[in-house]
Amino acid sequence: MPKIDHKQLLHFCNQLLSTGGMSKDDAELVAELLVRGELRGYAGHGVIRVNPYLNWIKDGTYQIKEKPTIEREGKIAAVIDGKHYIGQVAAHFAMELAIKKAKEHGASIVCLRRAGHTGRLADYMEMATDQGMIGMAAASVGSAVTTLYGGMEPITGTNPMAFGIPARGGKQIIFDFATAAMSMGEIQKRVRGKEKIPEGVMLDGHGNPTTDFNAFRGPPRGVFTAFGGHKGSGVALITEILGGILSGNGMGKLYWDNRGHGVNGLFLQAIAVEEFQELEAFYDKVDELIAFIKSTKCAPGFSEILLPGESGRRREAKNKQEGLEIEAPTWKNLTVLAEELRVEVPKAL
């Protein structure tokens, strides 16, 4: 796998996106989020997305001439129509509005519908924690690949949910997880690498558990399962209601059946800690909690208890220092695209 300096990769992706049809500001934002995903170790939400994003601009899946607009608005709530625009741009706009309202009124909820692929919910949770706010999010990703507990037919997408807790010194707690037993990005990564998929992730087209992706693919096509049995299944259902129904996006299955491409609906909440107590006092208690967790004994085979978001920040620091390893097929696709767009390819380290 080629290893690339992260700053060069950021510039490279920015150039590809802007040359391929995105505005300068949009390309900068999307490139930043994709490279951050790569740095944190989430290649499924990394630079592998550059090619499909530009293809969706070409084929009209992304309505690049539109702009997200506020459809309904109150003091603490709003609904934004993404108008099939670039997902990260629409979600960033929605989270900025949620933070603005929370600063004014203490808390807010902003729903986003009809947006393109919005990427990692963790990015929007960090926007909240950077402002001393608690963030919460749920997404209906506009697909139907996951069944609910006891079922064997697709009902929801891999629908993620996320939480962000502010803390001092860059130690914010960021919890972003798919409600499917494994995220689509991780499954696709394992398929590309010809790695085995663990048990408890898929059913084949006859409803039987399988670790063989070809058996899942069928025909007949199988489904993914929700994490954690009936509990995770319930969480998956809630994400579909908050991100899909409440936002006005509708059931993800309808997009999947009619368009073959996910259209994201998001539920985004921001809560100002200072409505409840002094922010510094809250930080003190979070510090105390983290210190207590770190002081407890680890189970056999473990040397440390890691908090949500901690491993990603460590990978980011390591990758910034040593360079980013990009999967060979992804890098090949990017270099082919660069040749088409006449964008200079950075040299590997």
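I took a pocket as an open set of points on a 1 Å grid over the protein atoms alone, where a 1.4 Å probe fits, with protein on both sides within 12 Å along at least five of seven lines. A lining residue has an atom within 4 Å of a point, and volume is the space filled by probe spheres set on the points.

The model is predicted, so local features need pLDDT of at least 70 and side-chain atom pairs pLDDT 80 or more, while totals for chains, interfaces and linings use all residues. Residues are numbered from 1 along each chain as its sequence is written, and side-chain values use heavy atoms, without hydrogens and water.

I listed 45 lining residues for the largest pocket, with His45, Arg49, Ser183, Met184 and Gly185 closest to its centre. I sorted this lining into 17 nonpolar, 18 polar and ten charged residues, with Gly counted as polar.

I then turned to the second largest pocket, which holds about 290 Å³ of space. I found 16 residues lining it, and Glu38, Gly41, Lys189, Asn319 and Glu325 lie nearest its centre. Its lining divides into five nonpolar, three polar and eight charged residues.

For Leu9 I listed contacts (heavy atoms within 4.5 Å) with Ile4, Val35, Val47, Leu324, Ile326 and Trp331, leaving out residues up to four places away in sequence.
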